[in-house]
Amino acid sequence: MSTGKNSVVIIGAGHAGLTLAREIRANCKTTEITIISREAIRGYYKPNLSKALSVNKTPNQLVMKQADTIAEELNANLLAQFTVIDVDAERKEVKGLFNNSEESHVLTIPYDSLVLATGASPIRLPIERAAITPLLSINNLEDYEVFRARIKNKKKILIIGAGFVGCELASDLISNGFNVEIIDQCEWPLQRSMPEVMGTEIKKAMAEQGVSWHLGVTLLSVAKGAQGVLAGSLSDGTTIQFDEVVSAVGLVPNTRIARDAGVAVQRGIAVDSFSQTNQPDIYALGDCVEYLGVTLPFIAPATHAAKALAKTITGTKTALMLPALPVAVKLSACPTVVCPPLINKGIWQVQGSGMSLEAHFINEQGELSGFALTGQCVSKKSQLASECLPILSSVTDLHAERYEVA
């Protein structure tokens, strides 16, 4: 265990930020840790948001640790409800102030290492609607608290997006007595992660539970009708009615702080294999980061990155290696596992019948670079994960001249 002493400031208190803090403390007892968040700091497992109804949990019951417990266990300084207004990469300082405080009350926080774990925000669709008509999204516990309050005593929910979050949320709602409609411009559910034949089986299984699908179309506008019922106009000319609408069309990395600090940003914050940005001693991980031009908005890659970065920060430079990381999609109608390829150049090869299907994504070199499983075939998850190409296996170092690679 390292006994070196330095100061680390982590901006972001989601899964990536808190996991990093926990790993740093496990590696070193003397590193000073400061965690900054615009929102309240609470420990919870984000994937549980899309199954809370089915496990009969209220939003409060999803909280595993409150801020005081986190601060005590990690021996860390927590700055919640705190907005960062500037990062001076040359002076190695973060400036910010508590929300709703006067502008003159700016705090300056020095650092030896700064970690951007700023996460991502929901993509906002240009849907015509009145300002008072909310378009809900669920990206954190605060969002989920609003969502649960809004659907109380409601019956019919429209979900925009047939990806991971949209399908899992629909499954949770339909399993708990709600009527669910899903709209997406794609042709089948989870289209980016599986072939059509597999998505068609999932669509069929969820339809048998009661989900109504509107695929290949977009939602143009939402208007409020009599007794508060909402009416949505679709691009195919049809109209559907619902009580609440939730957008689950994806995330865009939060990069403002990084850009302002002179950190290189493309789609997400660009990092090397050591989670290092182009700015010395500024690192990034989690949903705000891109690897080889691709973002990885899942829990497992963030966990791997946090563990590797914690070793680097505490004195053992460690490159991030990501094996194939299959994800179980929580659908009560059909057991489903996906392991999407990082690069979508190749073809799907499918075997099996009915709901039990096994799909291999074969890249242009003839290698297994992704897979998807449904039904009884999900039992092959571990086998295929061991056979599949890793997500990240080569080492890139933006500051090789500054370090001696271990």
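Two strands pair if DSSP finds at least two bridges between them. Strands themselves (E, at least two residues) and helices (H or I, at least four) are DSSP runs, numbered from the N terminus. Keep both ideas handy for this tour.

This is a predicted model, in which local features need pLDDT of at least 70, side-chain atom pairs count only at pLDDT 80 or more, and totals for chains, interfaces and linings use all residues. Residues are numbered from 1 along each chain as its sequence is written, and side-chain values use heavy atoms, with hydrogens and water left out.

**Stop 1: the whole chain**

Show everything as a cartoon. You are looking at 8 helices and 28 strands. The C-alpha trace spans about 60 × 55 × 35 Å along its principal axes. A compact globule of 406 residues would have a radius of gyration near 22 Å, and the chain agrees, with 22 Å. (That radius is taken over C-alpha atoms, and the globule rule is 2.2 Å times the number of residues to the power 0.38.)

**Stop 2: residues 7-293**

Colour residues 7-293, which an unreviewed UniProt entry annotates as "domain: FAD/NAD(P)-binding". UniProt positions follow the numbering used here, feature names are shortened, and annotations may be inferred rather than shown by experiment. This stretch is 22% helix and 31% strand, and its end C-alpha atoms are 30 Å apart.

**Stop 3**

Now find the open sheet of 4 strands, in the order 11-15-16-17, with mixed pairing. Strand 11 (128-129) and strand 17 (239-242) are at its edges with a single partner strand each, so one side of each has no neighbour in the sheet. Zoom in on strand 11 and strand 15 (residues 219-224): they run parallel and are joined by 2 bridges. Select Arg 129 and you will find Val 222 of strand 15 opposite.

**Stop 4: a hairpin**

Select residues 82-88 (strand 6) and 93-98 (strand 7), an antiparallel pair joined by 6 bridges. Val 84 has Gly 96 in strand 7 as its bridge partner. The two strands form a hairpin with 4 residues between them, and Lys 92 in the turn has a positive phi of about 60°.

**Stop 5**

Move on to an open, antiparallel sheet of 5 strands in the order 24-25-28-27-26. Which strands are at its edges? Strand 24 (327-329) and strand 26 (346-353), each pairing on one side only. Neighbouring strands here are turned by 20° against each other on average, direction ignored. Strand 24 joins strand 25 (residues 336-339) in the antiparallel sense over 3 bridges, with Val 327 opposite Val 338.

Next, show helix 5 (residues 196-209), which packs on this sheet and touches strand 25, strand 26, strand 27 (356-363) and strand 28 (368-374). Contact means heavy atoms within 4.5 Å. The direction of helix 5 makes about 150° with that of strand 27. (Axes are lines fitted to C-alpha atoms, for helices over the stretch in contact, and angles run from 0 to 180 degrees between N-to-C directions.)

**Stop 6: two crossing helices**

Finally, select helix 1 (residues 15-27) and helix 7 (residues 299-313): their axes come within 8 Å and cross at roughly 35°. Show side chains where they meet, including Leu 20 and Ile 24 in helix 1 and Ala 306 and Leu 309 in helix 7.
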